[in-house]
Amino acid sequence: MGKQTGFLEYERIENKEIPVSVRIRGYEEFHAQSTEAVRRNQGARCMNCGVPFCQSAMQLSGMVVGCPLHNLIPEWNDAIYRGEDAHALARLLKTNRFPEFTGRVCPALCEKACICGQYDDPVTVRDNELFLIEKGYEEGWMKAKPPVRESGKKVAVVGSGPSGLSCADALRRRGHAVTVYEREDRIGGLLMYGIPNMKLDKSVLARRQKLMEEEGVIFKTGVNVGGKMKPGKLLKEFDAVVLCCGSKQPRALAAEGIEGAEGVYFAVDFLKAATRNVLGIETLPETMNAKGRNVVVVGGGDTGNDCIGTVIRMGCESVTALEMMPKPPLERTESNPWPEWPKTLRTDYGHAEAIELFGADPRVFKTTVKKVGTKDGRISEITTVEVSFVNGKLTETPGSEKVLKCDLLLIAAGFIGAEKLLPDSLGLQMTKRGVVATPEGKYVTSIPGVFAAGDMRRGQSLVVWALAEGRACAAEVDEYLMGYRNS
């Protein structure tokens, strides 16, 4: 512990956000890095607890708090304070090989478990790790490190999202020849086409791809395994196959008149098209353009928030976000003590932008879409209704219907499982939740030599969990290939 009184002397200072009026003019990342002096003081706030919950990933009241990667947070916070940045980065990379992703998009489970947060503000763990990785690239510390010895084993990883990248990275470091197959034209999965550029600039992905290629990982994009490429081909050519295809089957919205209405899209399709437009790959279809339109987003998670931020940058006339659940409290309740995950209201960047632009919080709680109205085949309005859960069943409140203008409806209501094409073509066992079945705590599927990781095995989750899954799966694959585990 570098400075025993650091948490008493220094206040929490987060990376500054570019003002809303400026950042909504484009799709550049909206956080500015703090100075090194600020980061030193923020590192000094870490108390080096005897039992650091921040790196625990323990389950309390059915929810996990603390980092699933078990990052050695007190160690590298102390090193940041002492100015030993290269050493700090080395300790960070020991558990998290992709802090440029988590430092931008993770909801920071570590900070929610920080003991400083029990009575004060937690340590800026996420900002600190982003500082380390970006300095690592700037200083040339992030260099390709191909394995010293080749194992002679070949592994195919299907899917290049966070779990696929994490798995491929760990397997390559063990000396296996790794080929990653990606259906889209660029790697990254939802990191590329599910998270907007202002939250994760796509140059960050390109930078990491270059590093992994220099280490010997082969990426093949535009390959649809289970479609044109039959998975049996991979089973013949590779010693092991890892499926990291995500949980991309979107949950549909049950509303009268919605089927066939133009201007209704799943958020994942909308965000993909929007990002491809930003990158100059293809022009956004006019039917998806929010400019001058009244937009309604259904779903209160990160994806819904990203939709809000995106339509604001397109120049929407208005944006409303519908959430089925009740509005959370502003502060922890007695039944939700630290270090449990705080079940409190979180106002994210998209919400903040809507509040400043339109003068009100865009969220409407305990509400969903009951009916869709169209004009000449295109959506023109929706009828909403208040809902509540009675004995676990979603129930409408009589007489609560309201009509809203709506020219673009985006459904961000989550996902219901993995897409079926690839699992069905392999004959894999699936769970009731629509994901690939594996034994408890394991990653091998019902077919020997075929493994699954990330959302495809776990179900829809966070980037940090996908990274943890990919790494753990790689250790199991390595043991399968070599007869022993080195992890």
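This is a predicted model: local features need pLDDT of at least 70, side-chain atom pairs count only at pLDDT 80 or more; totals for chains, interfaces and linings use all residues.
1. Main core. The largest nonpolar core holds 71 residues. Trp 76, Val 157, Leu 165, Val 242 and Val 477 have the most contacts inside this core. Helix α18, residues 463-482, gives the most to the core, contributing 9 residues.

2. Val 157. With neighbours within four places in sequence left aside, Val 157 is in contact with Gly 164, Ala 168, Leu 171, Val 178, Thr 179, Val 180, Tyr 181, Val 242 and Cys 244. Val 242 is also listed with Val 157 among the residues that have the most contacts inside the largest core.

3. Strand β5. This strand covers residues 154-158 and is mostly covered, with 4 of its 5 residues buried. On one pairing, 5 bridges join β5 to strand β6 (residues 177-182), and the two run parallel. Val 158 stands opposite Tyr 181 of β6 in this pairing. The chain gets from β5 to β6 by way of helix α9 (residues 162-173), and this β-α-β crossover is right-handed.

4. The other pairing of β5. Strand β8, residues 240-243, is joined to β5 by 4 bridges, and these strands also run parallel. Here Ala 156 stands opposite Val 241. As a general point, side chains in a regular strand alternate between the two faces of the sheet.

5. Gln 42. This residue lies in helix α3, residues 36-44. Is Gln 42 buried or exposed? Its relative accessible area is 1%, under the 20% cut-off, so Gln 42 counts as buried. The side chain of Gln 42 reaches the backbone oxygen of Glu 11 at 3.0 Å. Not counting residues up to four places away in sequence, Gln 42 touches Glu 11, Arg 12, Ile 13, Val 123, Thr 124 and Asn 128.

6. Arg 276. Helix α13 (residues 267-278) contains Arg 276. Arg 276 counts as buried because its relative accessibility is 11%, against a cut-off of under 20%. Which side chains make polar contacts with the side chain of Arg 276? One is that of Asp 185, at 3.0 Å, and another is that of Glu 282, at 3.1 Å. Apart from neighbours within four places in sequence, Arg 276 is in contact with Asp 185, Tyr 193, Ile 281 and Glu 282.

7. Helix α14, geometry. Helix α14 has 13 residues, 302-314, and at 1.5 Å a residue it should span 18 Å. Its end C-alpha atoms are 19 Å apart, which agrees with that expectation. Just after the helix, Gly 315 takes a positive phi of about 95 degrees.

8. Because 11 of its 13 residues are buried, α14 is largely enclosed by the rest of the structure. The buried residues include Asp 306 and Arg 313 as well as Cys 307, Ile 308, Val 311, Ile 312 and Met 314. The elements that the buried residues of α14 pack against are α2 (20-23), α13, β10 (294-298), β11 (318-323), α15 (349-358) and β17 (408-411). Of these, α13 is the helix that holds Arg 276.

Methods: Residues are numbered from 1 along each chain as its sequence is written. Side-chain values use heavy atoms; hydrogens and water are left out. A nonpolar core is a set of buried Ala, Val, Leu, Ile, Met, Phe, Trp, Tyr and Cys residues joined through side-chain atoms within 4.5 Å. Buried means under 20% relative accessible area, exposed over 50%, partly exposed in between (1.4 Å probe, protein chains only). Contact means heavy atoms within 4.5 Å. Two strands pair if DSSP finds at least two bridges between them. A crossover is right-handed if, with the strands pointing away from the viewer, the path from the first strand over the helix to the second runs clockwise. A polar contact is a pair of N or O atoms within 3.5 Å; within protein, one must be able to donate a hydrogen and the other to accept it, and residues adjacent in sequence count only if both atoms are side-chain atoms. The expected span of a helix is 1.5 Å times one less than its number of residues.
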